[in-house]
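Dear colleague,

Please find below the structure that I promised to pass on to you.

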Amino acid sequence: LDPTVELLQDNPCLTEFITSVLALPEPSPSILSFTLRLAGILAASENRFQHLQQEKLLVRLFGRDGPLNSAVWEDASVRSGWVEGVHSMMHHQPALHFLCNSGGIDVIFTLQGDPSLFVASAASQLLVHMLTLSVESETTKPLSTKDCDWPACAQMILKHIEESLQSSSASHIEQSLKLLTGLFGSCRATWTKVLWLRVAKQIESFLTEEAVQAQHMLANLLLNMAWSPVFCNTEGSFWALVTSALEHLTPVQAGPLAVGILRLYKCPQDVRIQALTVLLQPMDCILRAASQPLEYAGLLDESVSDPVTVESLLSSKSSCANLLCQTLAHLEELLSLIRLPVDLPYTSLLRSLMTILQFCNGFLSPASPLGSTISRILINCFRVQRSALDVLAALSERKGCDMLIGSLFDVLLAYLESPNTSPTVLKKTFQATSKWLVRLQELSCSNSQWQQTEKILEDVFLVLQKRLCSPCWEVRDSSLEFLTVLIKCLRDQEEFRQSLLSSEVPRLTEDLLEDPESYVRASAVTAVGHLAFITYFAPESPVIGNQYNKENTVAKLQEILSTDPEGFPRRAVISIFTKWVRQGCTGQLEDTEQFVSEVIQTVEHDLDWEVRHGGLELVETFCSQTICQLGLPECPCDPDSSAVASSIHQNESLQIFCRAKLFSFLFRSLCDCDKPVGQRACDILLVLRGNFYPISTLKDSEESGDAPMGHSIAWLQRTLRQGSLAQNFPTDGGNGVDFQDPECMMLALGTIDLEELHDELSKSSDHVEKSPQSLLQDILATVGTIEENEADCY
């Protein structure tokens, strides 16, 4: 017996269930939908399919006598179950023939236009699957365009596609184009080229027939074909059709096709240039509209389609912003590629972007009538401003825009200063400005343009001072984020440091530590933390003697960590403290030890698990810093001296960790009710054990359980196994465990089975919730309340 059939014979309840559902006069739609899906899954095996056929079950579910002609078919879930059931069983020829002979294929053709988009989409995918299965399982010789060479099922689908494409119904044409798009996207076999020859002429005609409304679907179809090796390696007809599409589709329809073509590596150069021209045409039109006669070179020597089409779209209020936003999004997508397959005219593109931004804020008075119309449409258009600023930021990483940098900062500063700039546009402006300031710094280093850089930085910090005092919290927040990014990127540049410290920005930033909005306080913490790298921690710090300020700032941050009612500022503080320790900014080892000890004693009682997790990251950083400083022997050339020195350094670092109360924090964290905290603590303890215990000594320590201290460690092991259920975890020497005693902690590290704890913490809840027993309990729990819980049950 076939083992697949045994499933049904060993579990007669499966066929009994299907039979009992079919016997119901009015089955519930959800039960029937489930039954259709179940039957489809069972019939995926050819032998089980034959078994269900003999029982006459499949014909009653998927044939003419099934739910197709009953009132329950009106429910979308039943139609969806039917399509999914058929899709599941389509793995062998008998299923294919059954469906074609029972009229089921006509049902699928109808469902392509189903009012439920899920059902319509599933029907289209099913036809693609059936066509592929039919051709690949029933064809014995190479196919031609003649019907007689194709298998029966494939012939039915092809005939349906061809008739739909030739019909006068726009919806039928769209359905067939969707089907072909899905086919060329999923199947790369050579027979798809033969199929294409049958429909190519009809599809080409859609580009020139104005009465047909299907052009918008051609871009996806042609792109899927272009990605297929069957078509992209061919010369001539296919690429001629792509060229024709780029010419005849509207700029909005051609945009996605153009950017998709530009991402291809295998593409004729003339098609690639044409695609780029389509993409740049709206930007070229903007430049030409800004000044008459044209002051600078445009982006294009010639256009692909009639420039009047683009001009009319840009001079219409309903289409101008849409076309520009789409074009800008495509340009940003291209600029994000590491290797651009085409050369973009960066200088002209930047000039066009600046023109768009000036149109949007009303700072440009164009001479041409078209320019005046566009500027009236775009005034305060946030969508276009955001898109243009995104492309502007991406352009900062490309060479060739340097000659316009002065004019560019005039535009950016106008946006930063204007009261009409919305908070979201201001945030984008800050992002673009920070990227271009980094670019400016690189240029001034190579060209010695210090004066221009100094003036721009001075202007930026003047604007930033105003924005930090804005009544709008989003503006204050994004201003602080901008400052943080600048410090990260430019803190090593002398002119940047001087400009920053001679402004009011540092003082205003510290004031915002007391902002009423928690997001702003968190951003202020981060900014102050990074500012400290310039004001306090830099070797040549201008305020190095001013210890009061440094201590005052640290005290303020510690106060936020212990008293702020919101989690965001506290998380920001612990993150900054970790950065300080990582970069060795907290002074000598003794000072850092004291600092870390105070911080973790505050953090271990924090109610926010992310703050506690941040405390563990601080501990991990401190441990690795300490071991790096103390762990290396001074005389590696002398093995004896090396071993002794290593032992002394290990002992010293262990004493430091005990004094800083790290172990009590780590062992308490193992029992944290939030699993990520316990996992991180366990990882740190495993690393520490690896540092303090060579493999040989670890085995020796495990035999010390009879020692007086061993009983307390055994108690600790039992407590840790309880995990988050361990109540009132004692860290004060209760039960004989002294977390500040190096000897006791060495014994704990060597004795406690950290691997077992690690495995336990790594287990997801699925091992309980998805077990067969748990599933059975869920099903039994629904007995008697089927109506309420049937969805959960199934």
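Helix H20 (residues 346-361) and helix H22 (residues 382-395) pack with their axes 10 Å apart and at an angle of about 150°, where helices (H or I, at least four residues) and strands (E, at least two) are DSSP runs numbered from the N terminus, and where axes are lines fitted to C-alpha atoms, for helices over the stretch in contact, with angles running from 0 to 180 degrees between N-to-C directions. That angle makes H20 roughly antiparallel to H22, since angles over 145 degrees count as roughly antiparallel, under 35 as roughly parallel, 65 to 115 as roughly perpendicular and the rest as oblique. On the side of H20 the contact is made by Tyr 346, Leu 349, Leu 350, Leu 353, Ile 356, Leu 357, Cys 360 and Asn 361, and on the side of H22 by Val 384, Gln 385, Ala 388, Leu 389, Val 391, Leu 392 and Leu 395; contact here means heavy atoms within 4.5 Å. By class, this contact of H20 with H22 has 13 nonpolar, two polar and no charged residues, with Ala, Val, Leu, Ile, Met, Phe, Trp, Tyr, Cys and Pro counted as nonpolar, Asp, Glu, Lys and Arg as charged, and the others, Gly among them, as polar.

Before going further, please keep in mind that this is a predicted model, in which local features need pLDDT of at least 70 and side-chain atom pairs count only at pLDDT 80 or more, while totals for chains, interfaces and linings use all residues. Residues are numbered from 1 along each chain as its sequence is written, and side-chain values use heavy atoms, with hydrogens and water left out.

For the protein as a whole, there are 43 helices and zero strands. Of its 794 residues, 52% count as buried, where buried means under 20% relative accessible area, exposed over 50%, and partly exposed in between (1.4 Å probe, protein chains only). Among the contacts with a separation of 6 or more, 70% are between residues 24 or more positions apart.

The largest nonpolar core has 259 residues, and the members that touch the most others are Trp 82, Ile 261, Trp 580, Phe 663 and Phe 667; such a core is a set of buried Ala, Val, Leu, Ile, Met, Phe, Trp, Tyr and Cys residues joined through side-chain atoms within 4.5 Å. Helix H17 (residues 269-290) gives the most to this core, with twelve residues.

The contact is made by Trp 239, Val 242, Thr 243, Leu 246 and Glu 247 of H15, and by Val 271, Gln 274, Ala 275 and Val 278 of H17. These residues divide into six nonpolar, two polar and one charged.

Another pair is formed by helix H35 (residues 662-670) and helix H36 (residues 675-692), whose axes come within 7 Å and cross at roughly 135°, which makes H35 oblique to H36. Phe 663, Leu 666, Phe 667, Ser 669 and Leu 670 of H35 make the contact with Val 677, Gly 678, Ala 681, Cys 682, Ile 684, Leu 685 and Leu 688 of H36. By class, the residues of this contact divide into ten nonpolar, two polar and no charged.

Cys 153 is in helix H10 (residues 152-166) and is buried, with a relative accessible area of 3%. Not counting residues up to four places away in sequence, Cys 153 touches Leu 96, Cys 100, Ile 105, Met 130 and Ser 134. Thr 192, in helix H12 (residues 191-208), is likewise buried, with a relative accessible area of 0%.

Finally, there are two lysines to look at in the loops. Lys 56 lies between helix H4 (46-54) and helix H5 (57-62), has a phi near 60°, a positive value in a residue other than glycine, and counts as exposed at 53% relative accessibility. Lys 661 lies in the loop between helix H34 (639-659) and H35, has a phi near 65°, again a positive value in a residue other than glycine, and is partly exposed, with a relative accessible area of 30%.

With best wishes
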